[in-house]
Amino acid sequence: MASSDTTTLTIQPRDVEGSRTTRRLRRDGLVPGILYGRGGDPLPFAVDARDLRHALQASGAVVELTMDGKSTPAVLKDAQHHPLRGETTHVDFLRVDLSKPIEAIVPIELDGADKAPGIRDGGVLDQGVREVTVEALPNEIPELLSLDVSEMNIGDTLPLSAIVIPSGVTLVDDAETVAVSLLAPRLRTDEEEGIEEETEVVGESDASADAGDSGGDEG
């Protein structure tokens, strides 16, 4: 669902002086970032990590970046994360004109999977496309798009055109691209069944050997 909500995020200028300065910012609970676009000069900034997290979790794609009393509407273009801790380590924001449409990537959410006849028959959903590119005014970019899979049977597929697209939003990707398929349950091969049987036999042999060893110790 599209949202006209706008979140305000206070940022502060930062000097670009290398990795040592960046590490110091992160130790102080700040996340480095860059604001660019619309013909303006790139603006390096720092933002409180907790404030950033709350802003990105809020509804609406547009964030009002505020510095020295001036606000700039922007959208998140990229975020880098720590490979282990998952925390945000850097963000890129793009200046936007609220009166002009932009392209954005939106995730696809599957609805009704538990009701699908094919799922009840043991089938497996294969979601080949998890996000799509749309075009809309910045404040009308939806947080996600829904795809109803509740009527799918084994062997069925659904294209991107089956996604519910809100008014004012245009799908940029090819509408005929298959978004999700409902596959038949995978049958085990003779080789897999043989490996399982062999594993069971080995397990039984090990158990028997352990029992024999225990008996020998008692004697």
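Colleague: Is D97 buried, partly exposed or exposed in this predicted model?

Modeller: In this predicted model, D97 has a relative accessibility of 22%. Buried would require a value under 20%, and exposed a value over 50%. D97 therefore counts as partly exposed.

Colleague: With which residue does R38 form a salt bridge, and how far apart are the closest N and O atoms?

Modeller: A side-chain nitrogen of Lys or Arg has to lie within 4 Å of a carboxyl oxygen of Asp or Glu. The partner of R38 is D97. Their closest N and O atoms are separated by 3.9 Å.

Colleague: How many residues apart are R38 and D97?

Modeller: R38 sits in the loop between β3 (30-37) and β4. D97 belongs to the loop between β7 and β8 (102-111). The pair thus links distant parts of the chain, and the separation is 59 residues.

Colleague: Is R38 buried or exposed?

Modeller: The cut-off for exposed is over 50% relative accessible area. R38 reaches 59% relative accessibility, so this residue counts as exposed.

Colleague: Which residue forms a salt bridge with R85?

Modeller: The structure holds 2 salt bridges. In the one that involves R85, the closest N and O atoms are 3.2 Å apart.

Colleague: What is the phi of R38?

Modeller: R38 is found in the loop between β3 and β4. Although R38 is not a glycine, its phi is positive. The value is about 55 degrees.

Colleague: Why is the pair of F45 and F93 tilted?

Modeller: The count of aromatic pairs comes to 1. In this pair, F45 and F93 have ring centres 6.3 Å apart. Planes under 30 degrees apart would count as stacked and those over 60 as edge-to-face. The planes of F45 and F93 are at 50 degrees, so the pair is tilted.

Colleague: How many residues apart in sequence are the parts that F45 and F93 tie together?

Modeller: F45 lies in strand β4 (residues 40-48), and F93 lies in strand β7 (residues 88-95). F45 is buried, with a relative accessible area of 0%. F93 is likewise buried, with a value of 0%. The parts tied together by the pair are apart in sequence by 48 residues.

Colleague: Which residues form a positive surface patch, and where is R23 placed?

Modeller: The positive surface patch consists of R20, R23, R24 and R27. Membership requires over 30% relative accessible area, and R23 is partly exposed at 43%. R23 is placed in helix α1 (residues 19-27).

Colleague: How far apart in space are L160 and V132, C-alpha to C-alpha?

Modeller: L160 lies in the loop between β12 (157-159) and β13 (170-171). This residue is buried, with a relative accessible area of 2%. L160 and V132 are 28 residues apart in sequence. In space, their C-alpha to C-alpha distance is 8.5 Å.

Notes: Residues numbered from 1 in each chain as written. Predicted model: local features only at pLDDT ≥ 70, side-chain atom pairs only at ≥ 80, totals over all residues. Heavy atoms only, no water. Patch = residues over 30% accessible without salt bridge, like charges linked within 9 Å, V, L, I, M, F, W, Y side chains within 5 Å. Areas by Shrake-Rupley, 256 points an atom, 1.4 Å probe, with all protein chains shown as cover. Lys, Arg positive; Asp, Glu negative; His and termini not counted. Charge placed at Lys NZ, Arg CZ, Asp CG, Glu CD. Helix = DSSP H or I, 4+ residues; strand = E, 2+ residues; numbered from the N terminus. Buried < 20%, exposed > 50% of the residue type's maximum accessible area, 1.4 Å probe, protein only. Phe/Tyr/Trp six-rings, centres within 6.5 Å; stacked < 30°, edge-to-face > 60°.
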